[in-house]
Amino acid sequence: MKNFFVKTHGLGNDYIVMNSKDISFEMNEKNIQTVCDVHYGIGSDGILLLVDSDKADFGLRILNPDGSEAEKSGNGLRIFAKYLYDYGFTKSKSFSIDTLGGLVYAEVIETENDKARLIKVDMGKAIFESAKVPVISEQVECLDEELQLKDRSYQINCVSVGNPHCIILKDELDDEEILKYGSEIENHPKFPNRINLQFAKVLSRNEVEIRIWERGAGYTLASGSSSSAVAAVMVKKGLTDRKLTLKMPGGQLKLEIAEDWEIQMTGEVREIASGYLSPELLQDLS
Ligand SMILES: N[C@@H](CCC[C@H](N)C(=O)O)C(=O)O
């Protein structure tokens, strides 16, 4: 039967995983929005699509719930790695994955009842060069730069971990504030490809707490690429050590930033459900 899906979450950041060879509808903007809608579809923070790759063991497309495509996703990669292992696409516990944001390596660290539970991902390098984030800036690296909004300004720090991120340091974290300014910052003209946003509070040399506003998805409970980006910026600014824990409303991730800015991320993933898209939902897809 066609249109098999698995829904899995990484710390409350939930994705639908499907195999491109197994779907009978077009993965266009409108269909992605419908499938990700919590009322008219399954509901999720995005879709992960298994595709062929000539560069790695597996290819991955990462689709945001607004229908746009992301270059990288940390939770998405751990969720995808679990799917590959649990559903027999690989017997090996380590494999490479080709994303629009570069090659990554995933390793199943722990299993539970023969299913992947804890996964480590080598996310690739953090890149600070403004033009590569991309962020429009007069500085080579956009660190401690002012971002003017309609009714206030923030000091921002930008980095790419395959996808673009903007980090704002805060003494206190407030969900209402990120909900109020998230969309304005995501869509600010300074960011030609839009941006993922994090408010970050340093708790100690090894712990940082964050709130997240994702490009194309909005407020999410956790994000692996956001955690990677925040960790890289904290190390760059000398605010933390290179091994740190990122705390989010949905849970925590372990991060390690190497001297050459390679990022390793480790965290849990849990399957929620699997099944087939109903013929009635398929009728609503174009
Ligand atoms: N939830 C993800 C990030 C997904 C991609 C992001 N919305 C983007 O557009 O870059 C993660 O865990 O990293």
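Student: On what basis are the values computed?

Tutor: This is a predicted model in which local features need pLDDT of at least 70 and side-chain atom pairs count only at pLDDT 80 or more, while totals for chains, interfaces and linings use all residues. Residues are numbered from 1 along each chain as its sequence is written, and side-chain values use heavy atoms, without hydrogens and water.

Student: How many residues surround the ligand?

Tutor: A residue is near a molecule if one of its heavy atoms lies within 4 Å of it. Here 15 residues surround the ligand, and the closest are Asn13, Gly74, Glu214, Gly224 and Ser225.

Student: Which distance does the side chain of Ser225 show to an oxygen atom of the ligand?

Tutor: A polar contact is a pair of N or O atoms within 3.5 Å. An N or O atom in the Ser225 side chain is 2.6 Å from a ligand oxygen atom.

Student: How much of the ligand's area does the protein bury?

Tutor: Accessible areas come from the Shrake-Rupley method with a 1.4 Å probe. The ligand taken alone exposes 360 Å², of which the protein buries 100%.

Student: Which domains supply the shell around the ligand?

Tutor: Domain bounds come from an automatic or database domain assignment. Domain 1 (4–123 + 269–284) and domain 2 (130–260) each give at least three residues to the shell.

Technical notes: A polar contact is a pair of N or O atoms within 3.5 Å; within protein, one must be able to donate a hydrogen and the other to accept it, and residues adjacent in sequence count only if both atoms are side-chain atoms.
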